[in-house]
Amino acid sequence: MDNEVLIEARALTRRYGPTVAVDNLDLTLRKGEILGLLGPNGAGKSTTMKMLTGNLAPTSGEVFIKDVSLHEDPKAAKRHLGYLPEQPPVYPELTVDEYLRYCAALHGVAKKALDAALDSAKRDCGLTDVGHRLVGNLSKGYQQRVGIAQAIIHRPPVVILDEPTVGLDPIQIREIRKLIKDLGQNHSVILSSHILPEIQAVCGRVMIVARGRVVYNESLDVTRTGRIGAITIGLRRPPEQAALAAIAGVKTVSALGNGLFRLEPESGSDPREALADAAARGNWGLYELSAHTHTLEEIFVELTSRDETRAAA
Ligand SMILES: Nc1ncnc2c1ncn2[C@@H]1O[C@H](COP(=O)(O)OP(=O)(O)OP(=O)(O)O)[C@@H](O)[C@H]1O
């Protein structure tokens with residue numbers, strides 16, 4: 001079913017003593033999505049992922065994986081999940097094949113399906129030629145591939161990857177990002193990162209987390225095109241300022257002189273078309289209409305630093 005909800009987390013909260021690491025967080029992952037969890041260090045990404053994968057009990061709130069409650073039936077719920085933690089559980093003294101066979105058994109892959117599972121996980125992660133190598137002798141990039149392979153060995157619909165490119169060199173980072181994008185064709189993915197270009201390169205939707213709370217949750221298409229900031233309009237025969245302020249979606253108007261005005265749109269509105277219409281109808285002599293579009297970087301800095309400032313206060 002398209003649009004099927006695979007993970008639904010409601011009001012997740014986790015405290016460590018006085019620290020509220022995750023605060024009332026809601027999250028929905030649908031089939032086919034690659035969702036990026038973006039936040040500065042300490043924002044609560046790892047704690048969220050540990051709770052989503054059943055590796056840490058929430059202080060309150062609940063998680064459903066394909067409608068199965070993680071709390072009530074953890075075994076059945078976890079069958080639908082693959083997880084690469086921030087510190088991957090690699091066994092350096094095993095070969096890649098031995099390690100992946102062991103993980104497959106842990107995930108309950110039937111003996112007769114094991115060879116096929118191993119082959120397809122290795123193929124998806126570019127490990128076909130290194131099955132006989134000791135994990136401990138592989139480069140960090142290849143060890144990370146092994147970590148991803150163990151997360152998909154049982155073909156789960158959902159894969160959760162915690163900071164999968166940390167500590168890799170730029171070439172390895174590119175390769176792992178490509179691998180994750182490819183994974184998105186057969187799995188729904190949640191990826192955490194504090195690196196903005198990584199989220200932009202790989203994800204379809206971004207959730208920005210700051211101090212344990214979701215402060216932004218949008219598709220990257222909307223982020224690229226939708227969230228506009230101040231508008232500049234230039235008019236040869238401007239009307240009274242009040243006429244501009246009366247246009248739907250315009251919050252404030254300030255005159256800059258020479259027929260130029262700076263308009264602040266209401267949150268989520270884009271009044272440019274209405275402004276152009278009004279200018280044509282009123283014969284205002286429109287000669288400039290431009291908007292500053294916020295980049296994800298600006299949104300990230302604004303939302304996370306606003307939060308820091310509030311915390312400091
Ligand atoms: N076991 C723990 N005991 C006490 N505090 C913890 C523990 N784990 C995390 N925290 C605190 O909870 C908050 C969120 O940490 P978390 O590791 O989830 O953040 P993060 O966004 O994953 O950061 P990073 O990218 O640095 O791993 C931080 O303030 C952290 O210090």
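**View A. Packing of helix α6.** The buried residues of α6 pack against α4 (114-124), α5 (140-152), β7 (158-162), β8 (188-193) and α7 (196-202); helices (H or I, at least four residues) and strands (E, at least two) are DSSP runs numbered from the N terminus. The model is predicted: local features need pLDDT of at least 70, side-chain atom pairs count only at pLDDT 80 or more, and totals for chains, interfaces and linings use all residues. Residues are numbered from 1 along each chain as its sequence is written.

View B. Buried residues in α6 are Ile-173, Ile-176, Leu-179, Ile-180 and Leu-183 (20 or more other C-beta atoms within 10 Å of the residue's own, C-beta atoms being placed from the backbone; exposed, 12 or fewer; partly exposed, in between). Seen down the axis of α6, these buried residues fall within an arc of 125°, so they line one face of the helix; the arc is that of the directions from the helix axis to the C-beta atoms. Pro-170 and Ile-171, on the other side of α6, are exposed.

**View C. Surroundings of Leu-191.** Apart from neighbours within four places in sequence, Leu-191 is in contact with Ile-34, Gly-36, Leu-37, Leu-161, Pro-164, Ile-180, Val-202 and Cys-203 (C-beta atoms, placed from the backbone, within 7 Å).

**View D. The ligand shell.** Residues surrounding the ligand include Tyr-16, Thr-19, Lys-45, Ser-46, Thr-47 and His-194 (C-beta atom, placed from the backbone, within 6 Å of the ligand). Elements giving two or more residues to this shell are β2 (19-30) and α1 (45-52). The largest share, three residues, comes from α1.

Methods
Two residues are in contact if their C-beta atoms, placed from the backbone, lie within 7 Å.
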